[in-house]
Amino acid sequence: DGLEPELSVVINVLFPSRVLTQAVAGFQLRFPDTPLRISVEGLGAVLELVLDRTCAFGIRGPIGGAHPDLSSEYLLQVGYQMVTAPTHPLAHYRGPIPTKTLAQYVQLVLSDRSKLTEDKDFRVFAPKTWRLYDLGAKHAMLKAGLGWGGMPVEVIREDLDRGLLVPLEIADMTTASVITMSAVYRTDAPPGPAGRGLIEELIRASSQS
């Protein structure tokens, strides 16, 4: 029936883990004998693994723009908040923070090694940046007061509630504080039954989030 002997997918690092877990649980019930391989990447690295056919499909954010060889299906939006530790000088700023003030401090920026996005930045407002390839490392450095930067709200909700991180209001931030996530695959090689099934489970889990 064209069932894939194995399903490889790549997930954007900002995608909610609880939604992914719920979708994979549904997938396991439907395709118990299909091995699943999941990679976690950021920015353009998701698109590269789909374009070179390493993965049957991926979950991407807004970085990279539309690609002529890819089709996409909307999943959900992820809340995104600029934060820092309560000990950081920016935590004591009252009102929207202007760019000239942000420029005095290091911004922690999630990056990747993809050539598709090597010259693109996502919500970068300061000339002083530290580039990290791991969301967990960025999270830890933010809590340590080593800089400021953006994080998915779901990841830092408990930190915000406990006062371990504080939200920042950026004066020149014109982009929305949400990130749109979509499933993407090569138009000339759409996912087979198992891949289609996992996308359906992702859509179902996303609608319940």
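Does Glu201 count as buried or exposed, and at what relative accessibility? In this predicted model, Glu201 counts as buried because its relative accessibility is 9%, and the cut-off for buried is under 20%.

The side chains of Glu201 and Arg30 form a salt bridge, with a distance of 3.0 Å from N to O. This pair connects distant parts of the chain: Arg30 belongs to helix 1 (residues 17-30), Glu201 belongs to helix 6 (residues 193-207), and 171 residues separate them. Arg30 has a relative accessibility of 37% and so counts as partly exposed, whereas Glu201, at 9%, counts as buried.

Glu201 also pairs within its own helix. Its side chain meets that of Arg204 in a salt bridge, at 2.8 Å from N to O. Both residues lie in helix 6, three residues apart, which is about one turn of the helix. Arg204 counts as partly exposed because its relative accessibility is 41%.

Helix 6 holds another such pair. The side chains of Arg196 and Glu200 meet in a salt bridge at 4.0 Å, N to O. Arg196 and Glu200 are four residues apart in helix 6, so about one helical turn separates them. Arg196 counts as partly exposed, with a relative accessibility of 26%. Glu200, at 32%, likewise counts as partly exposed.

These pairs belong to a wider arrangement. A network of salt bridges links Arg30, Glu73, Arg196, Glu200, Glu201 and Arg204. Over the whole structure, a search finds eleven salt bridges.

Another part of the model to look at is helix 2, which spans residues 44-51. How many of its eight residues are buried? Seven of the eight are, so that the helix is mostly covered. The buried residues are Gly44, Ala45, Val46, Leu47, Leu49, Val50 and Leu51. Several strands are included in what covers these buried residues: strand 1 (7-12), strand 2 (36-41), strand 3 (57-60), strand 4 (70-84) and strand 9 (178-186). Just after helix 2 comes Arg53, which takes a positive phi of about 70 degrees.

Technical notes
Residues are numbered from 1 along each chain as its sequence is written. This is a predicted model: local features need pLDDT of at least 70, side-chain atom pairs count only at pLDDT 80 or more; totals for chains, interfaces and linings use all residues. Side-chain values use heavy atoms; hydrogens and water are left out. Helices (H or I, at least four residues) and strands (E, at least two) are DSSP runs, numbered from the N terminus. Buried means under 20% relative accessible area, exposed over 50%, partly exposed in between (1.4 Å probe, protein chains only). Contact means heavy atoms within 4.5 Å.
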